[in-house]
Amino acid sequence: MKRRHYIRPLDIERGRIDMTHGSGGKAMAQLVEEMFVAAFDNQWLRQMNDQAAFAVRQGRMVMATDAHVVSPVFFPGGNIGSLSVHGTINDVAMSGAIPLYLSASFIIEEGFPLADLQRIIKSMAEAAREAGVPIVAGDTKVVEQGKADGIFITTTGIGRVPDGMLISGDRARPGDRIIVSGTIGDHGIAILSKRENLTFETAILSDTAALHGLVAAMTDRVPDIHCLRDPTRGGLATTLNELASQSGVGMRIRESAIPVRAEVAAACELLGIDPLYVANEGKLVAICADADADALLRAMSEHPLGQNAAIIGEVFEDEHSFVQMETAFGGMRMVDWLAGEILPRIC
Amino acid sequence: MTGAMQYVDEYRDGELARHLSGKIAKEVHAERQYRFMEFCGGHTHAIFRYGIADLLPPGVKLIHGPGCPVCVLPIGRIDSAIALAKNPRVILATYADMMRVPGSHFANLIRARAEGADVRMIYSAADALNIARENPAREVVFFAIGFETTTPPTALAVRQAKCDGLANFSVFCNHVLTPPALRGILDEPDAMLDGVIGPSHVSAVIGTGAYEFVAKDYGKPVVIAGFEPLDVMQAVLMLVRQVNSAHAVIENEYVRAVGAEGNMKAQALMDEVFELRESFEWRGLGWLPWSARKLKPDYAEFDAEARFGMSHHAVPEPKACECGDILRGVRSPKDCKVFGTACTPEHPIGACMVSSEGACAAYFSYGRYRAA
């Protein structure tokens, strides 16, 4: 690509997004070239076409899309940029697929500081590079002040499923075991700790991470994993209910087996929320046959993103698809779907 | 969960729970039933969340009481709040739980907000004051609800507003009192209670003395208990012992927070700002004398009811809804025909299905697998 020359460089330190940056004219071209293309840099973007062209092999492909509206955009452990890369990679990876390409669409509010945009783009580029999944297409729109909250990012990803692999939310069977890859609630609590009306001191970082490496290590050891899902919005409780109703089975989990950081438990206690419903961005739930469970748990524990993995319960036959939990106190209770909205704009 | 929390986990210990469970089982008389009402929604929530019923012998029945602030607010007051929110000059500041409570024709504050009303969710009365300071051109009304626990913070906010001359702030006061509601329950012949698990946080404010009438006038024991599951188990054991020995006194299991006189400072603050209403309508319990508060004449300028010329209209409950009987303890959630079918947490018909402290919501979210 031949670099165009603009009379005045972008003032990334003090500049702000204005309406011209979304107009389709020179100002937009400069923004795209000097910020987005420069950071994401790859052969597809460099072609400067309206689409990315690539060859595909035969087999099953998967595609996933995810809009990100998190508030605040910068939070302990990450920002909306890294989150938007991880979120979509994870949705693709939960099919067992190898993520191949990403696209990113930005809706930016007039007045958004270029310095913040730069930080976000840089962390997106870093996350994509670390994951080995290039951002090959993109779009930028600018809306008037007050019509959006800073920046919204939608990413779409495609991936290729290895031959013979069938991981799907409807494959949980009675007798299967339920495994979670680590501590729950870290992301939601990290976000909440920075909300303007709640601010509290905590050392908790968001767990935002791309999970396809962990998934590859898992499918390597146990090719026939029945279900995988990342418990994002609505937390572990919501994910288990989704899988139970998709598969038409019940689940029974043990509260004492679920990994929760002491700081997260304490923050939840203070805020009156249940960690089972708090969002995660770097955790997954796996369901597999009883005979495979120990091998799968070991594969997960050996991976850096699955160090605290634990078997938390079992699948059983239940026409109502209820998720039940043996409480640490010694009683039983249901773990229901989330009603209403406890934490808006968590991702 | 594996995370350890000092000062909290001690009250949730499974080992101690089994020990207490064994003690209770040993002391109950096989031939009789023990019907205890936990007054507070906080206890109801704990009972379901920790599965306490599984640790009690079949003869001990826990009856869920009316101590859930959003549950006892009558439809007419909800309608008034929604009407107020629709006034374009008004910002209505409310606790999140109130947002989903249905008024007439399934209207609620979430829908009012979607239609353009300015409704803000807040965590404390002080947040409402801040909104008023930040929006001097708007009328900021705090939708104040709750028992004696949330009343002192409202009093403090009103006093602060007067001190600062914050003319655009007012309070739609719906603060209610625990003892008159308890009396209302005990006057209900169908409840057939053998004892009461007394409020924890409310008692920290009003003290154990406030319940003497339960023993004296009704001959029933009260054990004031904390909100942790072991507190509830211990209170059940103490109530069983009183019943077995035909005693009826006020005992305090929650000594780490509650004294005989309560929090005198908070009481003085409430008395400075509020006076009692002659009568107030409660969902389920009807009109109860001297059971709610309003602003004193000295603070009348902050009374939203006066400022906006609001008047209370009693609205009948939806026919299918049994919230009234459930709040009085004469029916259980699963006795209600619409429970779990037409009435769910997503589409509540009655208020008991809204708050996590409501008996129906707790039963639906934590216990309904038992009925299936």
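Q: What is the mean pLDDT of chain B?
A: This is a predicted model. The mean pLDDT of chain B is 92. In that chain, 98% of residues reach 70 or more. For the complex, the predictor gives an ipTM of 0.81 and a pTM of 0.88.

Q: How are two packed helices described?
A: Two numbers are used: the angle between the axes and the distance between them. Take helix H1 (residues 26-40) and helix H4 (residues 114-131), both of chain A. Their axes come within 8 Å and cross at roughly 20°.

Q: Are H1(A) and H4(A) roughly parallel or roughly antiparallel, and why?
A: Angles under 35 degrees count as roughly parallel. H1(A) and H4(A) are therefore roughly parallel to each other. Their crossing is right-handed.

Q: Which residues of H1(A) and H4(A) meet?
A: H1(A) brings Met35(A), Phe36(A), Ala39(A) and Phe40(A). They meet Leu117(A), Gln118(A), Ile121(A), Lys122(A), Ala125(A) and Ala128(A) in H4(A). By class, this contact has eight nonpolar residues, one polar and one charged.

Q: Where do the domains of chain A run?
A: The assignment gives domain 1 (19-161) and domain 2 (177-334). Their C-alpha centres lie 27 Å apart.

Q: How many residues of domain 1 of chain A are in contact with domain 2 of chain A, and which elements supply them?
A: 19 residues of domain 1 are in contact with 20 residues of domain 2. On the domain 1 side, helix H3 (80-93), strand S4 (98-109) and H4 of chain A each supply at least two residues. H3(A) gives the largest share, seven residues. That side divides into twelve nonpolar, seven polar and no charged residues.

Key:
Residues are numbered from 1 along each chain as its sequence is written. Chains are lettered from A and ligands numbered from 1 in the order in which they are written. This is a predicted model: local features need pLDDT of at least 70, side-chain atom pairs count only at pLDDT 80 or more; totals for chains, interfaces and linings use all residues. pLDDT is the predictor's confidence in each residue, from 0 to 100. Axes are lines fitted to C-alpha atoms, for helices over the stretch in contact, and angles run from 0 to 180 degrees between N-to-C directions. Helices (H or I, at least four residues) and strands (E, at least two) are DSSP runs, numbered from the N terminus. Angles under 35 degrees count as roughly parallel, over 145 as roughly antiparallel, 65 to 115 as roughly perpendicular and the rest as oblique. A crossing is left-handed if the near helix is turned anticlockwise from the far one by less than a right angle, and right-handed if clockwise. Two residues are in contact if their C-beta atoms, placed from the backbone, lie within 7 Å. Ala, Val, Leu, Ile, Met, Phe, Trp, Tyr, Cys and Pro count as nonpolar, Asp, Glu, Lys and Arg as charged, and the others, Gly among them, as polar. Domain bounds come from an automatic or database domain assignment.
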